[in-house]
Amino acid sequence: MTVGIVMLVHTALNRAEQVARHWRASGCPVVIHVDRNVPRKVFKAFQATVADDPQILFSRRHRCEWGTWGIVKASQSASEMMLESFPDVRHVYLASGSCLPLRPVQELIDYLAARPQTDFIESATTADVPWTVGGLDSERFTMRFPFSWKKNRFMFDQYVALQRRLGLKRTIPNGLVPHMGSQWWCLTRQTLSAILQDPQRKTYDRYFSRVWIPDESFYQTLARLYSRKIESRSLTLSKFDFQGKPHIFYDDHMQLLRRSDCFVARKIWPRANRLYDVFLTDGSGAMKRTEPNPGKIDRIFAKAVERRTRGRAGLFMQSRWPNPGWENGVTSNPYSMFQGFTELFEDFETWLKKTTGTRVHGHLFAPDRVELEGGQTLINGALSDSAISRDYVPRAFLSNLIWNTRGERQCFQHGPADNQDINWFLSCDPNAQISVITGAWAVPLFRSNRNFADLRAEAADLQKIESEFLDVLRSTHTKARVRIWTMAEFVESPMEPIQTIIDEIGPVHPRHLAEAPTMVDLVGFGQFLQNLKNQGMHPYLMGDFPVEPGASDVLRPARKPYLVR
């Protein structure tokens, strides 16, 4: 008694020939099904390369396409030829052309000989299957799927929607309980022949021919009717990513494959020369004799899936971008954004850098250029000061800046005159520390020498923009650390909020501030706001600034730094 190998081949025929001869070297007969999509000339050439071995046969060809009945039909034709041509075969092992034996074939033969009545086929009910991707679990058995999911996705989706809308459902043949599992099985002659020779074979074939992905349910369901003993697992190592696509093994997966102790693995890259050279031997020491245990490497694949779907915080990559919510942290490190501080304090950026030891930029989202620290035109990661480049995807610009300066906290200025497309990104970023002095944008207008009518129009625009930004910051979706003061309340007692901001930035600062930045001269600012009101513009974001005679003295800041006693 021996093991018969059924191979489903559609590409890399040279590797299929190599593996088929490897099976044959250990006495296993091989029946090969070549996809009908392979040109006849190529198929004939492939046949000729193995014509010298009478125990390598070719079955009737069928057109195979993912998720369709043709794959099952191919395995049926090849299995029927195997059972008819080789009566001494006790187990039939279904493999693909990209499968590679990892252990000496004789070990597989001995393993199956010790379990003569055991069928190895993954077979679980839809309620117990955690790996289906696409939302069609039980529905794949109760709907019809005449259209290809890959080649005619529009018609596939429309026909599914139509059946749902009309409430159409198919009747499952009596006695069948749908099961699912890997298509790569190893069945005993008794079970396989019972499936293929069942009196209701036509009924079952007709039913499963309209099931979605029938190669993962036809044998898995029918084996439950006839098998004496099922081990619901595959002897073939096959791993899938989070999208349901099979992992491909390359030369650098050598030790990983060895660790699995499995008999066969798929999918092997056709150009993985080292894997084919090493594993296609029958040396007794190729792999240790032990129970196959693909679970030993599950942890590594779980990490690979996590890296692909979640990645590193603040680093976008092809598998996650531009899917919203896949960022695993929109930025990689904490940073600080200040609005209204450069307007209210003289040389605020220099003071902040000296006090905190951080890198302090100007207005990164200014309309004309990116105001990088020190007037630089290029910064880490080849990020330039071009506003056009930055505004192509503002959120990506900021994410790249934070990522490329990891280990060094970034601080920058923002204002209502800047690009506002970044506002929601900032507010939803837990790494952002946002400090806003509302209405401070009016200080440069107050100190400018421009026509008042022009100032009034610009003030109205800036106030509207800042008000919208404040609505974003106060949203229930905000995750940033946000502090907002009106200009009036900040001017009244600036040291406490400044100390709080500095304390949160990090440890590179004195325990208590000995000095605060110098505030600009605000004498007459209250009257300026009153003039705006008199002209029909209501500047409400600044807070309550008095304008009565003598009140301006209260607003005049000390020209010397504030001292904490």
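**Entry 1: a buried pair**

I began with Glu107 and Arg103, and both are buried (under 20% relative accessible area with a 1.4 Å probe, protein chains only; over 50% is exposed, and partly exposed lies in between). Their side chains meet in a salt bridge, 2.9 Å from N to O. I use that term for a side-chain nitrogen of Lys or Arg within 4 Å of a carboxyl oxygen of Asp or Glu.

A note on what I am working with: this is a predicted model, where local features need pLDDT of at least 70 and side-chain atom pairs count only at pLDDT 80 or more, while totals for chains, interfaces and linings use all residues. Residues are numbered from 1 along each chain as its sequence is written, and side-chain values use heavy atoms, with hydrogens and water left out.

**Entry 2: other salt bridges**

I looked up the total next, and the structure holds 18 salt bridges. One of them joins the side chains of Arg483 and Glu504 at 2.8 Å, N to O. Arg483 sits in strand E19 (residues 481-486) and Glu504 in helix H21 (residues 495-505), so this pair ties together parts 21 residues apart in sequence. For these elements, helices (H or I, at least four residues) and strands (E, at least two) are DSSP runs, numbered from the N terminus. Arg483 counts as buried at 12% relative accessibility, whereas Glu504 is partly exposed at 31%.

I then checked Glu65 and Lys151, whose side chains form a salt bridge at 4.0 Å, N to O. Glu65 is in the loop between strand E3 (56-58) and helix H3 (69-85), and Lys151 is in the loop between helix H5 (139-142) and helix H6 (153-166), so the pair links parts 86 residues apart in sequence. Glu65 is partly exposed at 22%; Lys151 is exposed, with a relative accessible area of 67%.

I also found a network of salt bridges linking Lys353, Arg359, Glu373 and Glu408.

**Entry 3: the whole chain**

I stepped back to the protein chain, which has 23 helices and 19 strands. Its radius of gyration is 36 Å, well over the 24 Å that the globule rule gives for 565 residues, so the chain is more spread out than a compact globule. That radius is taken over C-alpha atoms, and the rule is 2.2 Å times the number of residues to the power 0.38. Along its principal axes, the C-alpha trace spans about 110 × 60 × 45 Å. Buried residues make up 50% of the 565 residues.
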